[in-house]
Amino acid sequence: MALTVGLGALAVLWLLPVVWVFVTSLKHTPDIIRVPPEWIPWPATLEHYVEVLFSSSRTARIGRAFINSIIVSIGTVALVVATSALAAYPLARMRFPGRNLVFILIIGSLMIPNAVVLVPQYVLVQQLGWLSTYQGLIVPEAAMTFAFGVFLLRQFFLLMPGELEDAARIDGANTWQVFSRIVLPLSQPVLAALSIFAFRSAWNDFLWPLIAVNKAEMFPLPVALALLRGAYSSESYGPIMAGAALSALPLLLVFLVANRRIVEGVRLSGLKG
Amino acid sequence: MRRGRRGGTVSRRSWLTAYLFLAPGLLLFAAFRLYPLLDGLRLSFTNARLGRPAQAFVGLANYERLLDDTRFHTSLYNTVFYTVASTLPILAIPLLLAVALNRGTMRTVLRGAFFFPFTLSVVTVGLTWLWLLDPVVGPFNYYLRALGGPARSWLADPTTAMWVIIVTTVWWVTGYYLVIYLAGLQDIPRDLYESAALDGAGAIRSFWAITLPLLRPVLLFVFVTHMIGSFQIFGQVFVLTQGGPGDATRTVVQHLYETAFQNFFHFGSASAMAWVLFAIILVFSVLQFRLLRGHTEY
């Protein structure tokens, strides 16, 4: 009991920085810098949210950046899930020449630090004419998460009992039909875990969009936020904290709805890693 | 279950089908992972620059220049310092929390609270701590002063700036490693603890004799994952200090970023840095596997 109380107190302390961000974002500008710190934002206001979302002329608008981040993250999830499910299936369930080599190459690439491919990836994306485009963000993001997706889904496919596939096959289904009508529907939990993982990494990635985008209207949230900081630095934390809160919102919602699933995905990512 | 391993589609004639399934993924993987990796190695032997189409082979010149680049040395030193100094807290704090959570009640809720910061982007995390630690109106210094502590500008002081980055990172990633440790703890058979208790072992003795040795593979995973990540630290520094004060928190990836995309647009030199970093990470990984593997049999 004492242990739970102690841990509970620590957990509250752990969340205080986040609470402080939300509290600040709701305060009027003069109240923000009032000392001692006030933890209840009263009278509350949404003016900072309105400013960063729609009316700020100083920097990339957070509203636009929000939409960019949604497009890039959903595109990345779709590409990662599609390519890694298709690739993991034969790696888990078929025998063919080169299988081990392909698998070792993909898993070995998990050791490649992203920073190492930064410059050549920029050169490639530039040659393709993809700088400051959605595909220039989506495709490299997806390539970054692909190996992990293959690893995760292959683990899952390996443990799936084969009877259903055999039955479908006897009924005359071809490999594609078995995969799309039997295997994928049975894999929903792990596909959801991978989707959340891919969404989180695309939504939060900072370094790649920082260099791959040089038009303000194409910035995703983390880059736009980092610039917001410079634009408002000495005057007010209000708009910056409103931007920070907005960027935390989608994953907070996912987190509240699917806490279990996120944790499950992380757990799978760690085990046998 | 065992049938599942081999069951399903096992046919030698189906290899064409297999590669049709693999094709989109392999294309993505080859074009955006393998090719850039090798192209980066090639670039590191050239004088490539942003916007200069012609490149000449310059042999090891980029690597030789790194030997004289004192800012690179500083960033390398800072990166290693950060990695070493953050390793113990990042191994220990989530582990202690996991052991405590594993025994207590309300595990799901508490785990969720510690995990939440990990869902934030590095920029959001950086901005949060920037505001908390604001030297004039930030709450941290206010409460510290109220308790009689030494309030100061933590990020402007070269002796404390890197520690702020470490604390920030620990706050950010603890929840992730906590979840991994908790999963590892679940796999340890309960009766081991029961028989240890029968033999008169207390909680602390059980921790050293049972928990730690059986968690060795998980510890290795956390150790290696954290190391690979921390050698590439960039976002926290970019938001909190921009590498300052002076060059006190300048890191390798920041130096690489500035060399390639901010100051000199020198892709060859930046690629050489990337490969030096890659080599260091590989060496450390192999060392860690050597150090911790051998003992995983129990």
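Helix α4 of chain A is largely enclosed by the rest of the structure in this predicted model, because 23 of its 32 residues are buried, each with 20 or more other C-beta atoms within 10 Å of its own. The helix, which comprises residues 62–93, reaches 45 Å from its first C-alpha to its last, close to the 46 Å expected at 1.5 Å a residue.

Chain A is divided by the domain assignment into domain 1, covering residues 1–45, and domain 2, covering residues 61–270. The centres of these two domains of chain A, taken over C-alpha atoms, are separated by 32 Å, and the contact between them takes 7 residues from domain 1 and 7 residues from domain 2. On the side of domain 1 of chain A that touches domain 2, the elements that give two or more residues are α1 (2–25) and α2 (29–32) of chain A, with the largest share, 4 residues, coming from α1(A). By class, that side of domain 1 of chain A has 3 nonpolar, 3 polar and 1 charged residues. A cis peptide bond, with omega near 0°, leads from A:Trp42 to A:Pro43, and A:Pro43 is found in the loop between α2 and α3 (47–55) of chain A.

Chain B has 14 helices and 0 strands. The radius of gyration of chain B is 24 Å, well over the 19 Å that the globule rule gives for 298 residues, so chain B is more spread out than a compact globule. Along the principal axes, the C-alpha atoms of chain B fill a box of roughly 75 × 75 × 30 Å. Buried residues make up 41% of the 298 residues in this chain, and, among the contacts in chain B with a separation of 6 or more, 71% are accounted for by residues 24 or more positions apart.

Between the two chains, 79 residues of chain B are in contact with 83 residues of chain A.

One residue with contacts in both chains is B:Val123, which is found in helix α6 (residues 122–132) of chain B. B:Val123 counts as buried because 27 C-beta neighbours lie inside 10 Å, where 20 or more are required. Leaving aside neighbours within four places in sequence, B:Val123 is in contact with A:Phe206, A:Pro222, A:Leu225 and A:Ala226 of chain A, and with B:Gly235 and B:Val239 of chain B. The C-alpha atoms of B:Val123 and B:Leu240 are separated by 9.0 Å, although these residues are 117 residues apart along the chain.

Within chain B, helix α4 (residues 70–103) and helix α13 (residues 252–261) pack at an angle of about 145°, with their axes 8 Å apart. The contact is made by B:Arg71, B:Phe72, B:Ser75, B:Leu76 and B:Thr79 on the α4(B) side, and by B:Val252, B:Gln254 and B:His255 on the α13(B) side. In terms of class, this contact of α4(B) with α13(B) has 3 nonpolar, 4 polar and 1 charged residues.

Several backbone features of chain B fall in its loops. In the loop between α12 (235–240) and α13 of chain B lies B:Pro245, which is joined to B:Gly244 by a cis peptide bond with omega of about -5°. The loop between α12 and α13 of chain B is also the place of B:Gln242, which has a positive phi of about 55° although it is not a glycine. B:Gln242 is partly exposed, because 13 other C-beta atoms lie within 10 Å. A positive phi, near 55°, also occurs at B:Phe265, a residue other than glycine, and B:Phe265 is found in the loop between α13 and α14 (267–292) of chain B. With 15 C-beta neighbours inside 10 Å, B:Phe265 likewise counts as partly exposed.

Note on methods
Residues are numbered from 1 along each chain as its sequence is written. Chains are lettered from A and ligands numbered from 1 in the order in which they are written. This is a predicted model: local features need pLDDT of at least 70, side-chain atom pairs count only at pLDDT 80 or more; totals for chains, interfaces and linings use all residues. The expected span of a helix is 1.5 Å times one less than its number of residues. A residue is buried if 20 or more other C-beta atoms lie within 10 Å of its own, exposed if 12 or fewer, and partly exposed in between; C-beta atoms are placed from the backbone. Domain bounds come from an automatic or database domain assignment. Ala, Val, Leu, Ile, Met, Phe, Trp, Tyr, Cys and Pro count as nonpolar, Asp, Glu, Lys and Arg as charged, and the others, Gly among them, as polar. Axes are lines fitted to C-alpha atoms, for helices over the stretch in contact, and angles run from 0 to 180 degrees between N-to-C directions. The radius of gyration is taken over C-alpha atoms; the globule rule is 2.2 Å times the number of residues to the power 0.38.
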